[in-house]
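Here are a few exercises to work through with the model open beside you. Try each task before you read its solution.

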Amino acid sequence: MDRLIRNCLTRQGYNEIMTYSFIAPADLAGLNLPEDDYRRKPLALLNPLTEEQSCMRTTLVPGLLSAAQKNINQKNLNLKLFEVGPVFLPEKDKKLPREEKTAAGLLTGLNEEELWNRKPREADFFDIRGCVEGLLRELLGAGFALEPLGQSRFLHQHRALDLVLDGERAGSIGELHPAIAERFGFSQKIYLFELSLAHLLLRFKEERTFHSLPKYPPVNRDIALVMDEGIPGQRIWDIIGRFKNKYIEEIRVFDYYKGSSIPPGKKSLGYRIKYQSYDHTLTDREVNRWHEELVQVLCRELGAELRK
């Protein structure tokens, strides 16, 4: 699995780094972790060489931030970095910590540099989210969820997500909180992810399933729904997934709108559903029937209505 992770991230332009497993307690304190956070209680070394390497790391984030800091100081402003390595997590009533393999990454600066046929584009939250989603699809296929951030003192509350597998938190993605970025001396936005490979390994399947290309044309149908602003997009994906129609092959968000034609506190989301059969040509009649049933389920469970 480590090899697949490294290959996937390097294909996306990330560079692997290796940092020390020893860090300073101040590195963890700088992340503003709560006093009762287990990551705030690292194993201290008996005879550290320096204060900067006096305890075992409980997260890969300080190493990534330090590497980014050094690069930016040398005017290397556009960075895509990742590390795969162990963290050492304290366990209750045990002297020694539990070693757990973790993957983490950092993105900052331009995601696309200026060329003769395009303008430069700053990296944003959706770039790092797309990177992680691509990695998870390669490792797990499906069955993962990205949900609103539960608790994190060093990620921006409204620009971060938790990775959830089988109801358990297995990682997080998001923008470094501006206060923490300022504390580390960053003047540009920093985006991070950190994933527990122990959780991923439980669902990892090295075997891959392939099927032949379809002989029959797909049928696309659009849905534009007006719903409460607080409903997360993941909930809509979950409802469509539970619909269990084997002909639904792809779901894409093509529109997001808030404006004068939408009531206050509401938002409009547009989804394009791709129906695909591998054994016959789909008819408008059967696709319309499935699509109407799906619309009814979405409106009922979300309290939504079709946008007119």
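**Exercise 1.** Which residue in β14 does D222 stand opposite?

*Solution.* Step one: D222 stands opposite R272 in β14. Strands here are DSSP runs of E with at least two residues, and helices are runs of H or I with at least four residues, both numbered from the N terminus. Step two: look at the strands themselves. β12 (residues 219-228) and β14 (residues 266-275) pair in the antiparallel sense over 10 bridges; two strands pair if DSSP finds at least two bridges between them.

A word on the model: it is predicted, with local features needing pLDDT of at least 70 and side-chain atom pairs counting only at pLDDT 80 or more, while totals for chains, interfaces and linings use all residues. Residues are numbered from 1 along each chain as its sequence is written, and side-chain values use heavy atoms, leaving out hydrogens and water.

**Exercise 2.** Is H291 buried or exposed, and which residues does H291 contact beyond its neighbours within four places in sequence?

*Solution.* Step one: H291 belongs to helix α8 (residues 284-302). Step two: the relative accessible area of H291 is 10%. Buried means under 20%, exposed over 50%, and partly exposed in between, with a 1.4 Å probe and protein chains only. H291 is therefore buried. Step three: with neighbours within four places set aside, H291 contacts R221, D222, I223, I273 and Y275, where contact means heavy atoms within 4.5 Å. Step four: take one of these, I223, which is 68 residues from H291 in sequence, yet their C-alpha atoms are 8.9 Å apart in space. Step five: return to D222, whose backbone oxygen lies 3.3 Å from the side chain of H291.

**Exercise 3.** How many strands does the sheet containing β5 and β11 have, and how do these two run?

*Solution.* Step one: this open sheet has 7 strands in the order β1-β4-β5-β11-β10-β9-β8, and its pairing is mixed. Step three: β5 (residues 98-108) and β11 (residues 190-196) run antiparallel, joined by 7 bridges. Within that pair, G105 has F193 of β11 as its bridge partner.

Methods:
Polar contact = N/O pair within 3.5 Å; in protein donor to acceptor, adjacent residues only side chain to side chain.
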